[in-house]
Amino acid sequence: MDGAHDMGGAKGFGPVVPEPNEPVFHGEWERRAFALTVAMSRPGGWNIDMSRFARENRPPEDYLSKSYFQIWLAGLETLMIERGLVTSEEIEAGKMLSPPKPDVKTLPPQDVVPTIRRGASTERTATSPALFAVGETVRMKEIHPQTHTRLPQYVRGHLGTIELNHGCHVFADLNSLGVGESPQWLYTVRFDGPELWGKDTDPTLSISVDAWESYLERV
Amino acid sequence: MTGHDHDHHDHHHHHDHDHSELSETELRVRALESILTEKGYVDPASLDLLIDLYEKKIGPRNGIRVVAKAWSDPAYHARLMKDATAAIAELDYSGRQGEHMVVVENTPEQHNMVVCTLCSCYPHPVLGLPPVWYKSAPYRSRAVSDPRGVLQDFGVALPETTRIRVWDSTAEIRYLVLPMRPKGTDGWSAEQLAELVTRDSMIGTGLPKQLGETA
């Protein structure tokens, strides 16, 4: 979806302000919100693309006024409510009002380190040859999905060059809908600065995105 | 909001240094943890372990070891550039948000910078959780359109002839910048070189410390 999260090239946000000696978390609630989100993915059964969509799918003023971990918290609440794990009444009341969903798996302490260290590879075995070759010029499709996509608006319609082929990976757009992983070839596509931002752009600039095959069309 | 039925998870009371002014968000998170614990979905001990892992074990010191080794060991450098995920795993760093690693090397001709314009993708096993600025609208919006301006915000000025290459992490590939080894460090050990590597130099918004800058 073309939401407020898709920020590449937007103007008016001002300078980047680094924080000296920044802590990992700012306050106890950020620690707990982060850990709850990570730990709930097992009982919740959602995937990373569903989580991303739950965070970004909100009115721009809401997305832009929340801090990062407030967005995580809101996303977590959405994911849990959608699956009947908690109700919005319970969240508002701040206490349990209905019994837990049965047969839900939790993340036990002994699984924490192995789960994080294992991660979740998104690479899958290819079932068809790659359509594009490294060095080939491609055009990014001009598409505007209503649902989750990882094709940023600032590259749509533009010409780029295939620079890397990363193999076949779980396709985020469909995986976010819970209709299967639908793996596709994934490429790094490089763009010249002036192609994206106009002829007055610094000619030494180039930008790349990682793009699944169905984002690309042959030139 | 609750506040009376926390007896079953006393573990987090010691975190509460200030009971007076809890914000709405703080109360909401606290109540949510209480609900999820009571429902049996989360074990508070697992939450404590997750926090400890990301505050103490997973952080930029891991990436610093990777860079210092690449600077001091040519065979490792070659393995890192060929298959970064495997070379990083040699140092025992792997997993969540670092499953598919690519290392991009700075040269006098090209400077690399990493961003995630859509959210906050970042190579956790080697750099830890991202700083606030990395997740902020100013960085996400401008890194791809005005990276030299962003570098200025960090006090970094590169020669006009140096090409700038920005990597927007839009899928599950995670990028680590291998900065240029500072001049005058011939014969230094990996441990000595590690003192020169900064987190920002591995994102591409900074440069390593140069000789004379270290305390």
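This is a predicted model: local features need pLDDT of at least 70, side-chain atom pairs count only at pLDDT 80 or more; totals for chains, interfaces and linings use all residues.
Trainee: What makes Asp48(B) and Arg32(A) a salt bridge?

Mentor: The closest N and O atoms of Asp48(B) and Arg32(A) are 2.7 Å apart. A salt bridge requires a side-chain nitrogen of Lys or Arg within 4 Å of a carboxyl oxygen of Asp or Glu, so this pair qualifies. Between chain A and chain B the count is 10 salt bridges.

Trainee: Which elements of chain A give two or more residues to the side that touches chain B?

Mentor: Among them are helix H1 (28-44), helix H4 (68-82) and strand S5 (205-212) of chain A. H1(A) provides the largest share, 12 residues. By class, that side of chain A has 49 nonpolar, 19 polar and 22 charged residues.

Trainee: Why are S5(A) and S3(B) said to pair?

Mentor: Pairing requires at least two bridges between two strands; 5 bridges join S5(A) to strand S3 (residues 163-168) of chain B, and therefore they pair. The two strands run parallel, and Val209(A) stands opposite Asp168(B) in S3(B).

Trainee: How do you know that the chains are in contact, and how many residues are in contact on each chain?

Mentor: Contact means heavy atoms within 4.5 Å, and 90 residues of chain A meet this criterion with 79 residues of chain B; the chains are therefore in contact.

Trainee: What area do chain A and chain B bury between them?

Mentor: They bury about 7300 Å², with 62% of it on carbon and sulfur atoms.

Technical notes
Residues are numbered from 1 along each chain as its sequence is written. Chains are lettered from A and ligands numbered from 1 in the order in which they are written. Side-chain values use heavy atoms; hydrogens and water are left out. Buried area is the accessible area (1.4 Å probe) that two parts lose on being put together, summed over both. Helices (H or I, at least four residues) and strands (E, at least two) are DSSP runs, numbered from the N terminus. Ala, Val, Leu, Ile, Met, Phe, Trp, Tyr, Cys and Pro count as nonpolar, Asp, Glu, Lys and Arg as charged, and the others, Gly among them, as polar.
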